Amino acid sequence: MSSSDFGQAANLHSEAGNIRHQCIVFLHYVKVFIFRYLESHTTEDDGLLHPYEELEVQLPSVLVEELHALTLHIGHLYELPSSILGAFTIQHQAKLFPPSWHLLHLHLDIHWLVLEILHVLGEKMLRQIVYAHQFMNLTGENLTNISLFEAHCGNLFCDLISLSINKYTKVRPSEALTSHHYPCSCIKELWVLLIHLLDHRNKGSHTESFWSWVNKLLKKVFERPSTAEGMSVFEPVQCKDPLSFSWWIITHLASLYQFDRNGNVEEKKQVESNWNFVEELLKRSIDAQAAVLEEQIRMHLQCCLTLCSFWDLNLPTVTILWEYYSKNLNSSFTIPWLGLKGLACVSKTPLSMLKLVKSCCSDQQSPDLYKSSNSYLIFLCILAQMMKEAMENNVTHPWKQIKGRIYSKFHQKRMRELTEVGLQNFFNLFLVLAAIAETEDIASRVLDLLDFLIPTSINTSQRALIWRGYFAFLLMYIEKNMDISVLAEKLSHAFCEKAKEFLVTKNDPTHKQNLWTPLSTYIDGVQEAFETSCYLNLSQEKLLNDGFSMLLPACRGTELNMVLNFLQVVLSRLKSVHKRLIQGPQLGNTGPNTQLPLVAKEHHLAVASALWRIFFPFLKSQRMSQTLPPPQLADSAAGFTLLALDMPCTAPSDLQPQPVLAMMQLFGWDDMVCPQLVSRYLSHLIQNSALSETFSGMGHTSYEALSVRSWFRCILQMYIDQPTGTLTRTDTERAVGKVYVEQLTEMTRLVFKLSEVENIFSKAHFEESIFKQDPKNALVQFIKAVGVAYSGLQTVAEKSAMVTKTLEYLGDVVKYVKPYLQKKGPPEGLQLTYSIIGLVLYMLSVPNSRCLFEPTARKRYSAVFWALSPSFAIFSRNWTASHAAGIMQFYYHPTDLTSAEDHCACHKGKLPPVQR
């Protein structure tokens with residue numbers, strides 16, 4: 001904008017502003033004059049009145065005539081040209097406004113001041129009717145201050161509603177609550193002033209209230225413009241969806257009641273409700289003949305929910321909606337264009353079902369409620385809000401009335417008609433009721449209603465949903481600190497039946513998969529019941545039943561992994577809760593929870609006993625399985641070991657009197673157990689300080705040595721499950737081997753933190769952090785460190801103790817490598833065995849004054865070497881084998897075994913020339 005244009009705009013702004021200011025000041029002057037100086041004359045005596053008094057007596061009539069003429073002159077707002085109405089879009093932050101903006105706002109000022117002057121005039125005339133003597137309309141009716149007020153007020157309402165209709169044409173249903181009904185904040189202020197003015201007049205003289213005016217004119221929006229009045233009022237602006245528009249504008253007008261006449265928010269202000277008209281709108285919204293779409297009903301009910309937060313309790317609203325939804329429980333209430341968000345929401349877990357119900361009962365509704373919830377869920381929000389208000393006000397009659405109407409709709413026939421979606425809606429309804437009102441009574445009612453269902457007619461998905469519903473109630477019980485015995489027993493019985501059926505169904509994969517759906521639902525539900533409980537003192541042990549004993553042997557793959565993962569969660573949860581329990585309440589705490597540990601301890605012991613009785617026999621039976629056990633088996637075994645540490649009295653009799661030691665011998669130190677299981681099991685426990693203290697307390701000094709021996713075996717047997725041929729190895733086998741190496745790396749890191757191992761490296765002056773990332777290299781360095789540490793010993797007693805400890809570290813090597821010798825492979829296993837055994841003999845069995853091994857031990861390990869060497873050479877065929885053999889023959893010639901010459905001849909007779 002050039003300087004000349006800017007100057008011209010400034011001049012126009014100033015000139016238009018001055019004209020508007022003069023008009024406003026004049027009308028204010030008239031209003032103030034009437035308020036201060038006008039008096040009501042009850043008698044007329046022309047002979048005694050002063051000429052000024054005569055004029056004063058005529059002033060009210062003349063004023064009514066002039067105000068009427070002014071309203072005719074300015075006309076309706078919607079009659080203004082679009083260039084003038086377009087000024088509504090100009091932001092108030094601007095410093096210069098065009099004349100159109102000032103003209104438009106001058107119209108608003110005049111409309112309001114005319115009403116204000118007429119109101120003050122009526123007040124000063126002591127509510128006497130003022131007639132305009134010079135005016136009579138075509139029907140012969142006189143113009144009065146009252147009729148002019150009503151006519152102008154009606155015209156102003158029509159103007160404001162017309163502006164709102166224009167605004168609504170650009171509003172999406174999903175944005176109804178965030179899109180305001182006024183194009184300018186001045187219109188909002190005018191609505192607020194109308195609310196205060198009309199409600200004030202209604203209280204003083206029983207004239208029409210603000211809502212009466214709104215309702216009367218909104219009804220005309222529904223009517224076709226067939227009458228002359230309708231043509232004159234709403235012909236310029238046609239509303240395509242009067243029902244949705246009425247919901248929209250009433251909701252936003254209701255929100256304006258929180259403002260006082262100065263525009264300040266009054267939070268505790270008593271708000272006038274408009275439920276009677278809203279009830280009519282509700283009936284229109286759910287009218288089957290009107291065929292209102294779901295996308296519109298959502299918007300209508302979202303507006304209704306907002307009104308519930310503004311207004312007082314109104315039971316007919318719930319009654320009207322329930323009559324509709326009780327007939328449509330099987331409907332999914334979806335919106336096609338919303339895509340996945342609009343699909344029927346069937347909760348996948350009990351916890352998600354409960355969270356959904358909590359969101360319905362929340363005071364703070366999601367801003368994305370339109371897209372995230374269907375109309376039925378919004379109805380539940382309305383129901384919850386009404387019930388909460390009744391409960392807060394200690395009004396019992398509304399709850400009894402609502403309960404009676406809801407219960408009466410469910411009978412045997414209706415329950416059997418429910419589909420999966422219908423059952424979901426059924427549970428959502430009763431969960432909302434239970435969350436607010438009589439939880440136990442409602443849950444009992446649900447159990448009775450579900451007994452109407454015929455078991456044979458319930459499909460797999462429906463059964464899983466019913467179990468999720470049961471668990472949702474169970475989680476609500478836990479949240480409210482209520483005992484779950486009744487629900488737990490009913491669920492446990494159903495689970496046992498299905499688990500038994502799962503066990504006997506072996507040759508029908510389809511039927512087995514169908515059974516797994518509800519079974520996995522039960523497992524998820526029990527896991528959530530343990531995870532959400534603070535103290536595990538509400539009879540959770542009744543959820544752990546013999547059904548798991550029948551389920552575990554029949555599980556395969558992912559099914560077994562799921563059950564074992566569940567077991568780990570329960571073990572971990574029990575450990576953490578019990579640990580918090582034994583710490584006891586804080587000193588000085590004399591609250592109601594001081595007696596809680598006494599009750600909870602009994603339940604904890606019951607849960608632990610159930611876990612030992614149901615799950616441990618299966619773990620024990622799988623520790624020597626011919627197939628590679630899942631890693632969760634080791635994790636669960638470690639969990640049971642820690643359970644034995646915390647609650648030893650709960651362990652079975654075959655583990656007594658030292659259950660922790662028995663568990664370590666079963667899963668950690670037994671040479672017959674799969675090395676993958678051992679390495680993962682010990683990785684959980686090696687650095688457990690409480691476990692170390694327990695072994696020290698019972699005088700078991702070989703705890704660390706036996707763990708080192710298991711580590712030695714796990715590395716030596718790291719290739720034991722691989723096929724003998726390199727080319728036949730699959731990608732899966734390579735992946736499993738990689739995972740095992742990572743597992744051994746972690747175990748190595750933990751083993752090297754043991755005090756005995758650190759002591760050996762310290763004496764040997766080795767820095768273990770350099771090589772502990774590679775398990776094989778770490779083992780080599782450990783063996784070297786043992787040899788170097790032994791060489792530094794001086795006394796016979798020290799050497800003897802070191803020999804004993806070293807033999808304890810190494811264990812039965814012959815047994816460890818026997819599978820490699822029997823299968824003559826794989827090459828990696830033979831090479832590892834050859835190098836490790838050779839290193840043992842080289843470092844620890846050199847025949848000198850500092851020999852570590854006794855003659856018997858030397859013969860034992862030498863026998864392994866001589867038996868291994870030909871087998872290894874057959875498959876490796878490299879110079880490493882011959883070189884290692886030469887070194888061993890140079891240092892040691894056992895007299896009672898094959899001579900070195902015979903050994904070399906064995907090589908020469910069976911092997912072709914070595915390829916260099």
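**Helix packing and local backbone features**

Pro657 is found in the loop between α27 and α28 (659-667). In this predicted model, the peptide bond that leads from Gln656 into Pro657 is cis, with omega near 5 degrees. A reader who wishes to follow the chain from here may first like an overview of the whole protein.

The secondary structure of the protein comes to 40 helices and two strands. Of its 916 residues, 50% count as buried. Among contacts between residues at least 6 apart in sequence, 78% join residues that are at least 24 apart. The protein has a mean pLDDT of 84, and 83% of its residues reach 70 or more.

Two packed helices are described by the angle between their axes and the distance between the axes. Helix α24 (residues 558-583) takes part in two of the pairings described here, one with α27 and one with α22.

The axes of α24 and helix α27 (residues 631-646) come within 9 Å and cross at roughly 25 degrees. Because angles under 35 degrees count as roughly parallel, α24 is roughly parallel to α27. The crossing of α24 with α27 is left-handed. On the α24 side, the residues that meet α27 are Asn561, Leu564, Asn565, Leu567, Gln568, Leu571, Leu574, Lys575 and His578. Their counterparts in α27 are Gln632, Leu633, Asp635, Ser636, Gly639, Phe640, Leu642, Leu643 and Asp646. By class, this contact of α24 with α27 holds eight nonpolar, seven polar and three charged residues.

Helix α22 (residues 509-531) also packs with α24, at an angle of about 15 degrees and with the axes 9 Å apart. The two helices, α22 and α24, are therefore roughly parallel to each other. As α22 passes α24, the crossing is left-handed. From α22, the contact draws on Trp516, Ser520, Ile523, Asp524, Val526, Gln527, Phe530 and Glu531. From α24, it draws on Glu559, Met562, Val563, Phe566, Val569, Val570 and Arg573. The residues of the α22 and α24 contact divide into nine nonpolar, two polar and four charged.

A further pair is formed by helix α7 (residues 210-222) and helix α10 (residues 275-285), whose axes come within 11 Å and cross at roughly 20 degrees. That angle makes α7 roughly parallel to α10. The crossing of α7 and α10 is left-handed. Asn215, Leu218, Lys219 and Phe222 of α7 make the contact with Phe277, Glu280, Leu281 and Arg284 of α10. Sorted by class, the residues of the α7 and α10 contact are four nonpolar, one polar and three charged.

Individual residues complete the picture. Ser539 is found in the loop between α22 and α23 (547-551). Although Ser539 is not a glycine, it has a positive phi of about 70 degrees. With a relative accessible area of 5%, Ser539 is buried, because a residue under 20% counts as such.

His765 also has a positive phi, near 60 degrees, in a residue other than glycine. The loop that holds His765 runs between α33 (755-764) and α34 (775-791). In contrast to the buried Ser539, His765 counts as exposed, at 71% relative accessibility.

Another histidine, His119, has its place in helix α4 (residues 99-124). The relative accessible area of His119 is 11%, and His119 is therefore buried. Leaving aside residues up to four places away in sequence, His119 touches Phe149, Leu197, His200 and Arg201.

Notes
Residues are numbered from 1 along each chain as its sequence is written. This is a predicted model: local features need pLDDT of at least 70, side-chain atom pairs count only at pLDDT 80 or more; totals for chains, interfaces and linings use all residues. Side-chain values use heavy atoms; hydrogens and water are left out. Axes are lines fitted to C-alpha atoms, for helices over the stretch in contact, and angles run from 0 to 180 degrees between N-to-C directions. Helices (H or I, at least four residues) and strands (E, at least two) are DSSP runs, numbered from the N terminus. Angles under 35 degrees count as roughly parallel, over 145 as roughly antiparallel, 65 to 115 as roughly perpendicular and the rest as oblique. A crossing is left-handed if the near helix is turned anticlockwise from the far one by less than a right angle, and right-handed if clockwise. Contact means heavy atoms within 4.5 Å. Ala, Val, Leu, Ile, Met, Phe, Trp, Tyr, Cys and Pro count as nonpolar, Asp, Glu, Lys and Arg as charged, and the others, Gly among them, as polar. Buried means under 20% relative accessible area, exposed over 50%, partly exposed in between (1.4 Å probe, protein chains only). pLDDT is the predictor's confidence in each residue, from 0 to 100.
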